[in-house]
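These are my notebook entries on a structure that I looked up. The sequence and the model are placed below, and my notes follow.

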Amino acid sequence: MLRNWLRNFMIGRYGPDQFNMALLIVTAVLSVLSAIFDWWLMRILAYIALGYTLFRMFSKNINARRRENDRFLKYWWPVRTKIINQYRKFRGRKDYAYFKCPACRNNLRVPRGKGKIQITCPKCGERFIKKT
Ligand SMILES: [Zn+2]
């Protein structure tokens with residue numbers, strides 16, 4: 001009954017996407033912070049973020065919402081990749097040394113503890129000596 005109602009209600013409406021997920025996370029963070037610091041401005045921002053999330057979710061202007069999501073992803077993907085790379089680097093810090101190729105700036109990973117070795121960049125073929 002309720003499920004049917006919800007399904008009918010959502011017909012022609014936009015629904016969830018990555019941008020809405022991000023907005024929900026922002027809402028949650030702002031709510032927690034406003035509870036800790038008892039800061040009214042943060043609470044208002046949390047309500048605005050939540051309101052915007054709901055507005056997008058139930059919006060019937062699907063094309064406009066899709067464009068917003070595309071714009072969001074365009075900025076978010078490079079940031080996400082950077083975060084993941086930093087995390088990988090951090091996890092592998094005991095086993096690997098990381099260098100940038102002096103010629104093409106390509107990121108290189110070599111095993112640690114091999115002393116001074118010659119590294120060949122797989123992308124451009126540049127050779128350089130580094131202590132690992
Ligand atoms: Zn290179």
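I first noted that helices (H or I, at least four residues) and strands (E, at least two) are DSSP runs, numbered from the N terminus. The model is predicted, so I kept in mind that local features need pLDDT of at least 70 and side-chain atom pairs pLDDT 80 or more, while totals for chains, interfaces and linings use all residues. Residues are numbered from 1 along each chain as its sequence is written, and side-chain values use heavy atoms, with hydrogens and water left out.

Entry on domains. I looked up the domain assignment, whose bounds come from an automatic or database source. The protein chain is given domain 1 (2-91) and domain 2 (96-131). I noted 40 Å between the C-alpha centres of domain 1 and domain 2.

Entry on positive phi. I found Arg-105 in the loop between β1 (96-100) and β2 (107-111). Arg-105 is not glycine, yet its phi is positive, near 70°. Its relative accessibility is 52%, and exposed means over 50%, buried under 20%, and partly exposed in between (1.4 Å probe, protein chains only). I found Asp-38 in the loop between α2 (18-37) and α3 (40-57). Asp-38, also a residue other than glycine, has a positive phi near 50°. Asp-38 is exposed, at 59% relative accessible area.

Entry on the core. A nonpolar core is a set of buried Ala, Val, Leu, Ile, Met, Phe, Trp, Tyr and Cys residues joined through side-chain atoms within 4.5 Å. I noted that the largest one has eight residues, among them Cys-101, Leu-108, Cys-121 and Phe-128. β1 and β2 are the elements that give two or more residues to this core.
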